[in-house]
Amino acid sequence: MKKILIIPLFFIICNAFSEQNTLLIATLEYPPFIYSENGDVKGPVVETVKAVFSSLGVKIKIEIFPIARGLLMVKNGEADAYFSLKRTPQRESDLLFTTTPLLRQPFVFFTRRTSGIKWNGNIEDIKDYRIGVVAKTSYGAIFDGYLKDGLLLNIEETQSFELNIKKLIAGRVDVVINSYDVGLYIIKNQKSENEIISLSPPVEILNSYLAFTKAKDYSALASEFDSALKKIDQ
């Protein structure tokens with residue numbers, strides 16, 4: 001009787017991708033988690049993504065793009081994956097999300113110390129203020145739901161988190177919603193710790209993921225990415 005050779009899925013995936021070109025992974029400027037320095041993309045989340053793909057034997061190139069452009073690239077298959085993204089129904093219809101989060105972070109409102117604005121978790125507290133957001137960014141089901149239901153009408157969009165905070169400092173918006181860690185990093189970088197405060201409680205605590213394009217079949221690689229990420233997180 002002939003012996004049947006069973007090759008583990010892991011090695012099939014590695015061999016398949018080693019024969020292809022390097023995968024292009026798009027991301028965003030998101031300090032302190034993801035940032036560019038001297039032409040290199042750095043940060044703790046970047047190092048995690050690199051470590052996972054390296055453990056799978058898959059070569060990658062990570063590049064930073066404006067959020068809207070990066071998302072369009074991965075949707076159209078011009079980029080192979082994008083990180084880190086919060087799940088939304090629209091994004092899940094366009095992209096193949098992994099299931100193990102790369103990042104878990106509280107999202108809060110920031111305001112000027114002298115604004116007198118109070119937030120107790122009730123949308124009525126802030127619905128009449130000018131709220132700064134970044135275009136094409138999800139802030140979780142709660143805040144996105146407020147927008148969808150037409151409860152927040154004074155929305156001001158910018159193209160970056162840094163510009164959003166600058167508008168807040170300049171008094172062009174009253175409140176900014178942002179990741180607590182990212183917002184704090186930008187505020188310290190702009191030496192505005194005495195001018196800007198965060199409001200409690202968080203609007204929501206959210207997970208962010210890596211998502212692959214659906215223009216190619218990355219279902220097997222997505223599964224292996226999850227398995228490898230779980231091992232690294234242990």
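1. Phe109 is buried, its relative accessible area being 0%, and Trp119 is buried too, at 4%. Here buried means under 20% relative accessible area, exposed over 50%, and partly exposed in between, with a 1.4 Å probe and protein chains only. The model is a predicted one: local features need pLDDT of at least 70, side-chain atom pairs count only at pLDDT 80 or more, and totals for chains, interfaces and linings use all residues. Residues are numbered from 1 along each chain as its sequence is written, and side-chain values use heavy atoms, with hydrogens and water left out.

2. A pair of aromatic rings is described by the distance of the centres and the angle of the planes. Rings of Phe, Tyr and Trp (its six-membered ring) pair if their centres lie within 6.5 Å; planes under 30 degrees apart count as stacked, over 60 as edge-to-face, and the rest as tilted. The count by this rule is eleven aromatic pairs. In one of them, Phe109 and Trp119 have ring centres 4.9 Å apart and planes at 80 degrees, so the pair is edge-to-face. Phe109 belongs to strand β7 (residues 103-112) and Trp119 to the loop between β7 and β8 (131-134), so the pair ties together parts that are ten residues apart in sequence. Ring pairs also join Phe107, Phe109, Trp119, Tyr139 and Phe143 into a cluster.

3. How are the elements defined, and how many helices and strands are there? Helices (H or I, at least four residues) and strands (E, at least two) are DSSP runs, numbered from the N terminus. The chain has eight helices and eleven strands. Of its 234 residues, 46% count as buried, and the C-alpha trace spans about 80 × 40 × 35 Å along its principal axes. Contact means heavy atoms within 4.5 Å. Among contacts between residues at least 6 apart in sequence, 75% join residues at least 24 apart.

4. Asn178 is found in strand β10 (residues 175-179). Asn178 is buried, at 0% relative accessible area. Not counting residues up to four places away in sequence, Asn178 touches Pro106, Phe107, Val108, Phe110, Phe161, Ile165, Gly183 and Ile186.

5. Grid points are joined across faces, edges and corners, and a volume is the space filled by probe spheres set on the points. One cavity of 30 Å³ or more is counted. The largest cavity holds about 130 Å³ of space. It is lined by 15 residues, of which Leu28, Ser84, Leu85, Lys86 and Thr137 are the closest to its centre. Strand β5 (81-85) and β7 each supply at least two lining residues, and β5 gives the most, with three.

6. The largest pocket has a volume of about 720 Å³. Of its 27 lining residues, Thr88, Gln90, Arg91, Lys136 and Thr137 are the closest to its centre. Which element gives the most to this lining? Helix α5 does, with six residues. By class the lining has 13 nonpolar, six polar and eight charged residues. In this division Ala, Val, Leu, Ile, Met, Phe, Trp, Tyr, Cys and Pro count as nonpolar, Asp, Glu, Lys and Arg as charged, and the others, Gly among them, as polar.

7. Some backbone details deserve a check. Most residues other than glycine have a negative phi, and most peptide bonds are trans. The peptide bond from Pro31 to Pro32 is cis, with omega near 10 degrees, and Pro32 lies in the loop between β1 (23-27) and β2 (35-37). Another cis bond joins Phe83 and Ser84, with omega about -15 degrees. Asn38 is not a glycine, yet has a positive phi of about 55 degrees; Asn38 is exposed, at 76% relative accessibility. Lys136 likewise has a positive phi, of about 65 degrees, and is exposed, with a relative accessible area of 58%.

Key:
1 Å grid on protein atoms, 1.4 Å probe; cavity = no way out; pocket = protein on both sides within 12 Å on 5 of 7 lines; lining within 4 Å.
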